[in-house]
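Trainee: I would like to learn how to read some backbone and packing features in a protein model. Could we go through them one by one, with the general idea before the case?

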Amino acid sequence: MQYVKLGSTGLDVSRLCVGCMSFGDRARGGHQWVLDEEASRAMIKRALEAGVNFFDTANSYSGGSSEEITGRALRDFARRDEIVLATKVYFPARRGPNIGGLSRKAIFTEIDNSLRRLGTDYVDLYQIHRWDPATPIEETLEALHDVVKAGKARYIGASSMFAWQFTKALYLARAHGWTRFATMQNHYNLLYREEEREMLPLCADQGIGVIPWSPLARGRLTRDWEESSERAASDRYASALYHDGDRRIVEAVAAVAQRRGLTRAQVALAWVSRNPVVTAPIVGATKPQHLEDALASLSVELTPEEVAELEVPYAPHEVSGISV
């Protein structure tokens, strides 16, 4: 396994991050395609054996059961001081006033809930899952700073938002002496490259670690355009992210993979990882082969001609993934 620094921090992370949205209890609001605890533990154990030390979950995944399953497995299979455990806050875990969002009250409540479910005293990376238009960003930033000073998080990060919003947050943190965002978890893959316009150059300039979500475009890059999957069949959100014009890119991935004797997932992930701004793509796995493909992709080097073949069919997209 290869390890790199997380942005401009001193934290060492594996070049792959395991996304734990795939782990959960269906009976507690989890998607029908999530793995139960036994299968989740096997996936986490294999990732650890391969040298992966970076795991990302969220308070809202499967009603909190993703954090519980992930926490128990990591306690059983890993040393806490060697792994990097990340979780997120914003989306409500249930209905009610002050449930969800990024108010000081919500952040203080949810960090304690996450720590309890994860069974740990701290998380390494605490991220805001989205921008909260209903809460002043100053309130959010100061609350996150206090979470770090209380020892409940080592670093803080952000997720999908506009570059101007991220710039504002970075500026205000510096101006007030608050803890600064160290990472950006954004939507980035061969089918959606709008982040290359502003967000990725901003992250490169500011030394921000980039950990893209959905590097395989929710599986669209791993199969023929007409094919579906159990997740795709129930994923109404994906229809807003990609469009029929993306078919040509999917076909290009298939062509490169066939010539090289690789899987499509290996090609698509290798393309994401080759970007020097990207620290570690977040990979969700519901089958052993998903994880093996992700691990194998780290050894794949695409030629300039292959990169051009994959990139030329791209057409601009409407901005998506910023809110749900």
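Trainee: Where does Tyr90 lie, and is Tyr90 buried or exposed?

Mentor: Tyr90 lies in the loop between strand E5 (84–89) and helix H3 (104–118), where helices (H or I, at least four residues) and strands (E, at least two) are DSSP runs numbered from the N terminus. Tyr90 is buried, with a relative accessible area of 18%; buried means under 20% relative accessible area, exposed over 50%, and partly exposed in between, with a 1.4 Å probe and protein chains only. This is a predicted model, in which local features need pLDDT of at least 70 and side-chain atom pairs count only at pLDDT 80 or more, while totals for chains, interfaces and linings use all residues. Residues are numbered from 1 along each chain as its sequence is written, and side-chain values use heavy atoms, with hydrogens and water left out.

Trainee: What phi does Tyr90 have, and what phi does Ser62 have?

Mentor: Most residues other than glycine have a negative phi. Tyr90, although not a glycine, has a positive phi of about 160°, and Ser62, also not a glycine, has a positive phi of about 50°. Ser62 is found in the loop between strand E4 (54–56) and helix H2 (65–77), and Ser62 is buried, with a relative accessible area of 5%.

Trainee: Which residues touch the most other members of the largest nonpolar core?

Mentor: In soluble globular proteins, nonpolar side chains tend to be buried together. A nonpolar core is a set of buried Ala, Val, Leu, Ile, Met, Phe, Trp, Tyr and Cys residues joined through side-chain atoms within 4.5 Å. The largest one here has 90 residues, and those touching the most other members are Phe55, Tyr126, Phe166, Phe181, Leu221, Leu302 and Leu310. Helix H9 (residues 264–273) gives the most to this core, with 7 residues, and a second, separate core of 11 residues includes Leu11, Cys17, Phe54 and Ala280.

Trainee: In what order do the strands of the open sheet stand?

Mentor: Two strands pair if DSSP finds at least two bridges between them. The open sheet has 8 strands with parallel pairing, in the order E9-E8-E7-E6-E5-E4-E3-E10, and its edge strands, E9 (209–210) and E10 (282–284), each pair on one side only. Within this sheet, 4 bridges join strand E7 (residues 153–159) to strand E8 (residues 181–185), and Ser159 stands opposite Gln185 in E8.
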